[in-house]
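Subject: Structure handover

Hello,

Here is the structure for you to look over. My notes follow below it.

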Amino acid sequence: MADYDAIVVGAGLSGSTAAYCMAKAGLSVLVLERGDAAGVKNVTGGRLYGHSLEKIIPGFASEAPVERKIVRERVTMMTEDSCFTADFHSASRFADPACASYSVLRAEFDAWLAGKAEEAGCDIVCPAHADELLEENGKITGVKAGDDELTAEVVLLADGVNSLLGQKAGLKKELSPHHVAVGAKEVIELPKGVINDRFGLNDGEGAANLFAGFASGGMVGGGFLYTNKESLCLGLVITVADMAKSSIRLPDLLEKFRDHPAVKPLVAGGKLVEYSAHLVPEGGLAMLPALSADNLLLLGDAAGFCMNLGYTVRGMDLAIASGQLAAETVVEAKGKGDFSNAALSGYKSKLEQSFVLKDMQTHKHAPDFIEHTPRMFKEYPALAADVFTQLFRVDGTPSKLMLKKALPLISKVGFLNLIKDGLKGTRAL
Amino acid sequence: MNVEQKLSQNKFVVDEGNPHIVTHQEKMDPAAVKALTMVCPAGLYTQDDSGKLVFEVAGCLECGTCRVAMAHLPGALEWNHPRASFGVQFRYG
C-alpha cells in the first residue's frame, strides 16, 4: 500500500494547483518543495493572466496576494537614444475577472496557493529536495528525498524548467539553448504614489511594458517592466543561444537597459531589494516532451508550457491549467485503479482540448519566426526611430510630404523584407 | 550598481564545501569558457589572467543557464539543484 495517492514534486503554480484539485477530490496528496517555503525558488517577470485560476478559485484575486491589476499595456521599440511606444490603456475592458491579469511576486503568491492546497488537505513538506524517483520492477513507486523514501500511486513532476527528474525519467531531453531564454530581473522599491504618478495609474491599477531592440542589445529577446504595489520589476529575457555568443555580459546589458534615457526616470530614486534570474521555456511545441509515462506526469514549466509572442508572455496561466488537468487525470485514474501510461495519457488529450495546447498549436510558428527575424530586434526599432524623427523634427529646412519622408528610410530596410516579415509575423504571432 | 552589489541584497545560504555546480574546464573549448562568462546573470564565471575559468558558487541564482549553454559539451559541468535548505531564497521572486 503506497503512502499517498499522489506525490507532487514542486510547490509552484502547477504543483500547488494539482495538489489543491486532487485534495478537493478526496485524494491523499504529498507535496515536496525544495525551498524553505513555497515560492522562494521561483521567479516571474511578472504578470499572471487570471483566467485559469479564476475557474478553479472564483474571485481568487480578492484574497490572493496580487500586486496590481494591469490596465495599461505598453510595447516599446527602442534604440540607444530613442523609443517608440504603443500604449493601450483601459480599466473597463480588462475589468472582467475572466480576462483580468495581475502583476504578482512569486514568493508571496506561491505561498498563498500552497496554503490553499494545505487547507484542502494536502501534506506539504519543505524544504525537501526530491533527489530521485523510486522504482520497483521498472515501475515508478515514489520519490526519494534525502533519507526519506515516500511512495505513491503516481508522481507529478512540477519541478520547474530545470526538471532534472523529468530528464532522468526519459520524459524530456536536456534543454536546447535555442529553446530557452534566460531572464534576469531587478525588484526596485518605490512608494505607491510615485508609481501611480509615473505610470498614470490609480491605486490598485498596474502597467506592463515590453521592450524590443536596444534592451536586448539586438539579440533575440527583450526587456520588461511591471508595476507592483510598491515596487517595479525590471528585467531582460534573452535566448541562451544568442547570449552565449554575446560580447557583453547579461548583467552589464541589464545595466545599459536600466540606464536608457527612457527607463532611467521610471526607476529613479528606487531601491534595489532583490536580483533574480530564471530560465524561460520558449521553444513552444518544438520542445514539447512526453507528458506522461506509467505512474508519472509532467506539469507546468517542466513540460515547457509557455508562450512568448512578443506582445504577450504567458506561462503561469498555462501552468495552473496543466495542474488542474493533471489532477483531473489522476482522479479518473484513481477511480479506475489504473495509473499506467494508457490511463494517464488522457492528460495530453485534456491539454489538447484546453487552451494550453490549442494556443501553443495556434502560435506554433511564433518561436521560429521570432528567432529567425533578427530585423525585429535591430532594423525595425531603428526604422521606427528614423520615421518618427522625420515626422516630429522641425528645423526650418523645407518640409516634405510624409510619403517622401518615409520612403527612403523604408527602402534602407527593404520594402520586400518589411512586407515579408509583416505577413509572416501576423501569421505566426 | 554592479552585479556583486545587487547580489548582496539577496538572501543566500551557502552549502560550504558542497557546491551544486562543478566545472571541468578541460572539457571546454575557449568559446565555451567565454560563453559561460557572458550568459551567467550573476556574473559568477570569470577568467583569470592565465585564461583559467574561475567559478564562484556563492551568489548563484539557480537559473540553470550555464548548464544549458554547456549542453553540447558532455561533462563540462556537473549541475544539480542545491540540497534542501541551501542556496538562494527569493523574498520577492
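Start with Asn137(A): this residue is exposed, with 5 other C-beta atoms within 10 Å. (Buried means 20 or more other C-beta atoms within 10 Å of a residue's own, exposed 12 or fewer, and partly exposed in between; C-beta atoms are placed from the backbone.) Its phi is near 50 degrees, a positive value in a residue other than glycine. Asn137(A) sits in the loop between S8 and strand S9 (139-145) of chain A. Helices (H or I, at least four residues) and strands (E, at least two) are DSSP runs, numbered from the N terminus.

Two conventions before the rest. This is a predicted model, in which local features need pLDDT of at least 70 and side-chain atom pairs count only at pLDDT 80 or more, while totals for chains, interfaces and linings use all residues. Residues are numbered from 1 along each chain as its sequence is written, and chains are lettered from A and ligands numbered from 1 in the order in which they are written.

Asn295(A) is buried, with 23 other C-beta atoms within 10 Å. Most residues other than glycine have a negative phi, and most peptide bonds are trans. A cis bond joins Gly45(A) and Gly46(A), with omega about -15 degrees. Another cis bond joins Cys126(A) and Pro127(A), with omega about 0 degrees. Gly46(A) is in the loop between strand S2 (29-32) and strand S3 (47-49) of chain A. Pro127(A) is in the loop between strand S7 (123-125) and strand S8 (132-136) of chain A.

Chain A overall. It has 16 helices and 19 strands. Of its 429 residues, 52% count as buried. The domain assignment, automatic or from a database, gives domain 1 (4-55 + 104-175 + 284-362), domain 2 (180-281) and domain 3 (369-428). The centres of domain 1 and domain 2 of chain A are 28 Å apart, taken over C-alpha atoms.

Helix H9 (residues 316-336) of chain A deserves a look. It has 21 residues and reaches 30 Å from its first C-alpha to its last, close to the 30 Å expected at 1.5 Å a residue (the expected span is 1.5 Å times one less than the number of residues). 16 of the 21 residues of H9(A) are buried, so it is largely enclosed by the rest of the structure. Gly337(A) follows, with a positive phi near 65 degrees.

Now the A/B interface. 42 residues of chain A are in contact with 31 residues of chain B (contact: C-beta atoms, placed from the backbone, within 7 Å). S15(A) gives the largest share of the chain A side, eight residues.

Which residues does Ala244(A) contact, leaving aside its neighbours within four places in sequence? They are Pro177(A), Ala35(B), Met38(B), Val39(B) and Ala69(B). Ala244(A) lies in helix H6 of chain A. With 23 C-beta neighbours inside 10 Å, Ala244(A) counts as buried.

Last, the largest nonpolar core. It has 161 residues, and those with the most contacts inside it are Leu156(A) and Val39(B). H9(A) gives the most to this core, with ten residues. (A nonpolar core is a set of buried Ala, Val, Leu, Ile, Met, Phe, Trp, Tyr and Cys residues joined through C-beta atoms within 7 Å.)

Best wishes

Conventions:
Two residues are in contact if their C-beta atoms, placed from the backbone, lie within 7 Å.
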